[in-house]
Amino acid sequence: MCGIVGYVGEKNATPILVNALKKLEYRGYDSAGIAVFDGQDIVVEKVKGALKVLEEHLVTHIIRGSMGIGHTRWATHGEPSDVNAHPHTNVSGTIAIVHNGIIENYVKLKAWLQEQGVVFRSQTDTEVVAHLINYFYEQSGDIFESVLNALHRIEGSYALGVLCKDYPDRIIAARKESPLIVGLGEGENFIASDVPAVLEHTREVYFLDQKQVAVIYADHVDLFDEDGNKVIKEPYHVEWDMSSAEKGGYAHFMIKEIYEQPKALTDTFRPHVIESNGKPLDVQFEELKLTDQDWKNARRIVITACGTAYHAGVVARYVFEKYARIPVVVDVASEFRYRNPILNKDDIFIVISQSGETADTLEALRLAKSQGLRVIAITNSVGSTASREADDVIYTAAGPEIAVASTKAYTTQLMCLFMLALKSARARGLLDDGEYRRLLEELSAIPQKVQQILDNQGEIQKFVSRNFNKEKVFYIGRLSDSATSLECALKLKEVSYMHSEAFAAGELKHGPIALVDGTTLVVGIATEPALYEKVASNLEEVLTRGCSTYVITSAQGNEFEKCAKEIFRIPATEDAFGALLAIIPAQLFAYYCSVQRGIDPDKPRNLAKSVTVE
């Protein structure tokens, strides 16, 4: 969602704020702005459009000052415009705020403030907060107390940065639901929605907790709870450096992150595996408190997530059920939280979120905990809300993922889930030593096989050059390949804007085949040898109706020669692990279609990296 930054120090704030906002462009936005205290007044400059539009604007509207806040907005209330862009101020311009989130009771608050004589300029819910803080400030003259009073009356989610002309040495920041960090520098301190915004200045950060408030000065930071009581907290040291969050010579973050998958998968696998003579013997999740008996007693596994993370859960269902023989329910988090789900205390509940801040997933987590379930979170973000609120957490080692379309986060989530499935199968007595170790060895070889696919990416590029203008692209598969198809279709539509859908191959004749014509490309995913013949038959059905066909398969023979015009062969692996390889050519296909169509794959329209509001 929206990107927030803030700076207090001795340097000129404007270039620091703009540069920090650049590091958050991946979050998605439609307007940008900054507010800087210039020594006398708070000066606000904001524009609709890309950050470069703001940069050009600031060339002729220079602001100098050593304290300021900045924002990239993704519209929720009010269309994208200069007026609706952040920062927003009170009527006199003495208080300025930036906000990420949604104020759910803003209509009621706005009506009340208008009764007090407040004149609103924008259509946003955020402007209510600026006027509400000002209302209390006119009574008390204390900006900190006024912010607390305003927060107690706001319903919804927020990450806030607040400037006040009368307090030229500090920024007040607060969060509920929406993510916000504090960067701790030398003689300067920062706020930001995410770590990349502050990395070039510091690696020491506070991850603000729910309803926590921070007052940021140049030389120190004070933390408080929602009632204004001081909080003592240890800063977190960010291990990954700036180079991890930069393009490193690649044209886009998306292709860089696709190519980082062999390392990310290795880094996710190795810390959890006990080896002997270079061969894996066992999986050990030291961070999990679950015992073998817990796995034996479990009635079922419930997985909930959104988007790409949900697709990882759908794939994992097949692996858990195959090896651990335990029923798995996979739910979209946004639906799960509203349907009064039937949960049992001996269910194992797993939430998956790259950012650990996905609003619907967090609500599902809280619902499960309120009913007494043990919750495991799989996330890439240390210190995130999911990692703090879950009973147990497994971290993927994807490193920073900047592109909006998730690639390495997805495959590392699958790696964690596959290891967990094997561990649970072993705990339930369903895998003997030999088979368990054989499967772990197959998993350990996945990164090298991903690299083999990447080394052959030229084949994908050539295929894209002949198919990037297709009107429709359908992905089909059976069993776990059907689940993989969901993610393949999502990647393509996200970054290329091509119409793409996923269907269980056996369902083609139940309706979807009516859509097939000469403008259609049908891609078959085939990593289940027992079902090669079935998938080939489905492809023959659509081929006879004039469409183009393509197969991504682990088959090394001629199983698909008659039904596919072109075939991309992935290295052979255990059937259940094929999803980790089949997705790679689909990611490359989506990326190169985007480039071929003149679209920036890192910043697809209307999308945000992390959906921190409903």
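Me: Contact means heavy atoms within 4.5 Å; which residues of α15 do Q261, P262, L265 and T266 in α7 meet?

Reply: This is a predicted model, in which local features need pLDDT of at least 70 and side-chain atom pairs count only at pLDDT 80 or more, while totals for chains, interfaces and linings use all residues. Residues are numbered from 1 along each chain as its sequence is written, and side-chain values use heavy atoms, with hydrogens and water left out. Helices (H or I, at least four residues) and strands (E, at least two) are DSSP runs, numbered from the N terminus. The four named residues of α7 meet, in α15, I446, P447, V450, Q451 and L454.

Me: By class, how many charged residues does the contact of α7 with α15 have?

Reply: Ala, Val, Leu, Ile, Met, Phe, Trp, Tyr, Cys and Pro count as nonpolar, Asp, Glu, Lys and Arg as charged, and the others, Gly among them, as polar. On that scheme the contact has 6 nonpolar residues and 3 polar ones, and the number of charged residues is none.

Me: Are α7 and α15 roughly parallel or roughly antiparallel?

Reply: Axes are lines fitted to C-alpha atoms, for helices over the stretch in contact, and angles run from 0 to 180 degrees between N-to-C directions. The axes of α7 (residues 261-269) and α15 (residues 446-455) come within 8 Å and cross at roughly 175°. Angles under 35 degrees count as roughly parallel, over 145 as roughly antiparallel, 65 to 115 as roughly perpendicular and the rest as oblique. The two helices are therefore roughly antiparallel.

Me: In the sheet that contains β18, β20 and β21, which strands stand at the edges?

Reply: Two strands pair if DSSP finds at least two bridges between them, and here 5 strands form an open sheet with parallel pairing, in the order β19-β18-β20-β21-β22. Each edge strand has a single partner, so one side of each is left without a neighbour in the sheet, and these strands are β19 (328-332) and β22 (392-395).

Me: Which residue in β21 is the bridge partner of I352?

Reply: Strand β20 (residues 348-353) runs parallel to strand β21 (residues 374-379), and 6 bridges join them. Within β21, the partner of I352 is I378.

Me: How many of the 10 residues of helix α1 are buried?

Reply: Buried means under 20% relative accessible area, exposed over 50%, and partly exposed in between (1.4 Å probe, protein chains only). The buried residues of α1, among them I16, L17 and L21, pack against elements including β1 (3-8) and α2 (51-60). Helix α1 (residues 13-22) is mostly covered, and its number of buried residues is 7.

Definitions and conventions:
Contact = heavy atoms within 4.5 Å.
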